[in-house]
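Colleague: Hi! Could you walk me through a couple of spots in this one?
Modeller: Happy to, let's take a look together.

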Amino acid sequence: SGKGIPASLLMAVVCSLFRNTAMKTTNPRNIASDINNCISERNEYNMFCTMFVGSFDLETGLLTYCNAGHNQPVILKKGKAEFLEVIPNIPVGSFEGFEYECETMQMTNEDTLFIYTDGVTEAENMVHHEYSDERLLAELNKMTATNPSNVIETVAQSIKNFVGQAEQSDDITMLAVKINKKI
């Protein structure tokens, strides 16, 4: 939440908490809950952070995940892109003691998971129209090659073309992960 130094400090704390918590457990629900409780405990400025926490089993292809108020990731399967169904939960830092819920998804060879920040879909052009969820999904559905670097480059170029000369108003972060193993 927010921008500038306060938001940067919150993210530094969240990253540190994540590293410490993930050393004790790989359960996304527990990671989100622990970070939420730590941040909520002394949160006089009411700051929060969205997160998508996932744990992937390389042997079985099972992705266990917890979405803490973050944008819905996109799953690219067999040439089709669609938003991953997620229980939205709440961002970490919002409310101490919140019970986060986990979900699972079976991933198979050639599946690609695309995770991004709201700076992607909320990127604005000169007349303040947003890039949007629909435009992102349409762009990903046009793709023929889904190697991770191609996914990132394609979306980044599409955003750049859309915003034109408008100033960037938010951070843009993207991650694409592709399964290249028969499971």
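Modeller: One term before we start: a polar contact is a pair of N or O atoms within 3.5 Å, where, within protein, one must be able to donate a hydrogen and the other to accept it. Also keep in mind that this is a predicted model.
Colleague: Got it. So where is Thr-21 placed?
Modeller: Thr-21 belongs to helix H1, which covers residues 4-22.
Colleague: And is Thr-21 buried or exposed?
Modeller: Thr-21 counts as buried because its relative accessibility is 6%, and buried means under 20%.
Colleague: What lies 2.8 Å from a polar atom of the Thr-21 side chain?
Modeller: That would be the backbone oxygen of Leu-17.
Colleague: Which residues is Thr-21 in contact with, leaving aside neighbours within four places in sequence?
Modeller: Those are Asn-30, Ile-31, Asp-34 and Ile-35.
Colleague: Which residues sit on each side of S6?
Modeller: Thr-112, Phe-114 and Tyr-116 are on one side, with Leu-113 and Ile-115 on the other, and both faces are covered.
Colleague: How many bridges join S3 to S6?
Modeller: There are 3 bridges between S6 and S3 (residues 74-77), and the two strands run antiparallel. Across from Thr-112 in S6 you'll find Leu-76.
Colleague: And what about S7, how many bridges does S6 share with that strand?
Modeller: S6 pairs with S7 (residues 174-178) over 5 bridges, in the antiparallel sense. Within S7, Ala-176 is the bridge partner of Phe-114.
Colleague: Great, thanks!

How values were computed: Residues are numbered from 1 along each chain as its sequence is written. This is a predicted model: local features need pLDDT of at least 70, side-chain atom pairs count only at pLDDT 80 or more; totals for chains, interfaces and linings use all residues. Side-chain values use heavy atoms; hydrogens and water are left out. Helices (H or I, at least four residues) and strands (E, at least two) are DSSP runs, numbered from the N terminus. Buried means under 20% relative accessible area, exposed over 50%, partly exposed in between (1.4 Å probe, protein chains only). Contact means heavy atoms within 4.5 Å. Two strands pair if DSSP finds at least two bridges between them.
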